[in-house]
Amino acid sequence: SLLARNVEAGRLSFTTDLAEAVKGADAVFIAVGTPTRRGDGHADLSYVYAAARELADVIDDGTVVVTKSTVPVGTNREVGRQIEARLAETGREIGFELASNPEFLREGAAIEDFMRPDRVVVGAETEASERVMREIYRPLSLREAPVMITTLESAELIKYAANAYLAVK
């Protein structure tokens, strides 16, 4: 019912056309799987980097590229390098921002966890990226959910630390 209400109200739509999906967006979220690689247990970041390269072809100047996926420390910086490399290949001259916004959702309770989080973690290191992320989460802050602004690496580490705590608990 939540999806239906928001589609009907024009706040939510679906497309398979990436350029159409991101046109005019202040922020674009990368939320892809990071499966564990066989043998060594490392996160397979190929989907994250592929998404970053695809975004480089279609994002507008000033777009904030937000990594939502659970990724190791340093991944967001590499996302930036992947976008810059693709921009150089294509000759596009645009600026973009980076942010990290790991999710803390439980299976079976994702909507409730998103709507009533105990905290929102955002790695944002520029005024522009912080402003966009605060605006996105403004409705949640009205519910008194704290928005914690950190560095990119701190946001990545906070997610891994939370996962480790829950695994031990």
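The legends below describe close-up views of a predicted model.

Residues are numbered from 1 along each chain as its sequence is written, and side-chain values use heavy atoms, with hydrogens and water left out. In this predicted model, local features need pLDDT of at least 70 and side-chain atom pairs count only at pLDDT 80 or more, while totals for chains, interfaces and linings use all residues.

**View 1. Helix 4 crosses helix 8.** Helix 4 spans residues 75–90 and helix 8 spans residues 152–168. Helices are DSSP runs of H or I with at least four residues, strands are E runs of at least two, and both are numbered from the N terminus. The two axes come within 8 Å and cross at roughly 130°. Axes are lines fitted to C-alpha atoms, for helices over the stretch in contact; angles run from 0 to 180 degrees between N-to-C directions. Helix 4 and helix 8 are therefore oblique to each other (under 35 degrees is roughly parallel, over 145 roughly antiparallel, 65 to 115 roughly perpendicular, the rest oblique). T75, N76 and R77 of helix 4 meet L152, E153 and E156 of helix 8; contact means heavy atoms within 4.5 Å.

**View 2. R77 of helix 4 pairs with E125.** The two form a salt bridge, with the closest N and O atoms 2.7 Å apart. The term requires a side-chain nitrogen of Lys or Arg within 4 Å of a carboxyl oxygen of Asp or Glu. E125 sits in the loop between strand 4 (120–124) and helix 6 (127–136), and the pair links distant parts of the chain, 48 residues apart. R77 is partly exposed at 30% relative accessibility, and E125 is partly exposed at 39%. Buried means under 20% relative accessible area, exposed over 50%, partly exposed in between (1.4 Å probe, protein chains only).

View 3. R86 is partly exposed, at 25%; E89 is exposed, at 60%.

**View 4. E112 forms a salt bridge with R116.** The closest N and O atoms lie 3.3 Å apart. E112 is partly exposed at 43% relative accessibility, whereas R116 is exposed at 54%. Elsewhere, salt bridges that share partners join D57, R86 and E89 into one network. The whole structure holds 11 salt bridges.

**View 5. E144 has a positive phi.** The angle is about 70°, although E144 is not a glycine. E144 lies in the loop between helix 7 (138–141) and strand 5 (147–150). This residue is exposed, at 72% relative accessibility.
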